[in-house]
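Here's a quick tour of one protein model, written for someone who likes cut-offs spelled out. Have a look at the chain first, then read on.

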Amino acid sequence: MKTRYRDVVIIGAGAAGMMCAAEAGRRGRRVLVIDHAQTPGEKIRISGGGRCNFTNLNTAPRNFLSQNPRFCISALSRYTCQDFIALVRRHGIGFHEKTLGQLFCDQSAQQIITMLTDEMAAGGVDLALSTGVETVEAAADGGFRLRTGNEMIHCASLVIASGGLSIPKIGATGFGYDIARQFGLKVTETRPALVPLTFGPEDLARVKPLAGVAVDARVSCDGTGFDEALLFTHRGLSGPAILQISSFWRDGRDIVVDMAPGVDVFDLLRQARSDSGRQAPVTVLSRLLPRRLAQRIAEDHGVETARLADLGDRRLRTLADAVGAWRIRPASTEGYRTAEVTLGGIDTRELDQKTMMARKLPGLHFIGEVVDVTGWLGGYNFQWAWSSGWAAGQAV
């Protein structure tokens, strides 16, 4: 069996893995990146509608979820969004800011992938694609041995950058969690995050006719809320506000949707009744909402043919709450199939925050999505990939 020796082996040619490889290669380390996919950076390629929301100007530890919220501070503070932006600029990649500090490529996400592969090439990094890792073991004399097909690879440092369980159609697996458990590291509960929410049959029957309707909304759950767009779907609800709240929602809990943020809908309806009581409620609601949605709400409350003058304050309050405080309990999520990231992962108490190395086993590092650090929607998860990859790249 053929044997290769490397200073560093990185499993996973995604955002974190390539960033780590580029940094380690730049430091003169002999680096090999292994991935079972045919091309590197597949998740980068499909992100941001093909333009890659590669970071966020507002990146701060508060934008990340973890059982240990302070863990991400070290990496994020040592390799910031401005550091990555400087790298993007050095490669001549045009970009623009959308809402809420989100930065996207002007042209294509492929530019970010090419930038990273060029950085790896400049550091002499070897990239082995379409290559599966069959076994991983700690070597008796230090370091690690990996078997890939008919080849054995020895390395001093091993970095797991294999991602989470989200989007299995592009090859996502639980490989990183399996390696962690193999070496006695704890893995926190994992579940889909940044994912659309689905409804049970009764609720779905009411909202399914609204599929395709979008509205700006504030969506809240247990005291946390987000103001962004909401989209009705054939399965339930999606859109940025829903993806954001999905990371906080748990089975059996309600979400509260305000589809007219900043508007006192009850006061608006009462004023309209006073000014022109012959109006239909749907006429007033249509000033705030898409007409199809306004009609649905009016029908649900039996006022589709009523006049405002015929409705007392109690009826108006109920109607206003249907717009500004719609409380509903999702049945589930669309799962890992459409989830942008995986919440949970390698327990950060097992890792050194500066090097991303396992405390129990020197030389073994975990970076990116496989770790229990999950960002909000909007480029934060890519920034965690860059920051954690950079941190490990300085240490291997």
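## Starting at Q244

Let's begin with Q244, which sits in helix 8, residues 240-246. Helices here are DSSP runs of H or I with at least four residues, strands are E runs of at least two, and both are numbered from the N terminus. Q244 is buried, at a relative accessible area of 3%; buried means under 20%, exposed over 50%, and partly exposed in between, using a 1.4 Å probe and protein chains only. Setting aside neighbours within four places in sequence, Q244 is in contact with L194, F226, E228, W376 and L377, where contact means heavy atoms within 4.5 Å.

A word on the ground rules: this is a predicted model, so local features need pLDDT of at least 70 and side-chain atom pairs count only at pLDDT 80 or more, while totals for chains, interfaces and linings use all residues. Residues are numbered from 1 along each chain as its sequence is written, and side-chain values use heavy atoms, with hydrogens and water left out.

## The chain as a whole

The protein chain has 13 helices and 21 strands, and its C-alpha trace spans about 85 × 40 × 35 Å along the principal axes. Of its 396 residues, 53% count as buried. Take the contacts between residues at least 6 apart in sequence: 73% of them join residues at least 24 apart.

As for the surface, the chain exposes about 16,900 Å², with carbon and sulfur atoms supplying 47% of that (Shrake-Rupley areas with a 1.4 Å probe; for residues, only the protein chains shown count as cover).

In soluble globular proteins, nonpolar side chains tend to be buried together. The largest nonpolar core in this model has 77 residues, and I44, I112, F366 and W386 have the most contacts inside it. (A core is a set of buried Ala, Val, Leu, Ile, Met, Phe, Trp, Tyr and Cys residues joined through side-chain atoms within 4.5 Å.) Apart from it lies another core of 45 residues, including L269, L285, A322 and V323.

Zooming in on I44, not counting residues up to four places away, it touches A15, M18, C52, A109, I112, I113, L116, F382 and W386.

## Cysteines

How many disulfides are there? The count is zero, taking a disulfide as a pair of cysteine sulfur atoms within 2.5 Å. C20 is buried at 0% relative accessible area, and its sulfur is too far for a bond because the closest cysteine sulfur, in C155, is 12 Å away. C81 is also buried, at 8%; its sulfur lies 13 Å from the closest cysteine sulfur, in C72, so that pair is too far for a bond as well.
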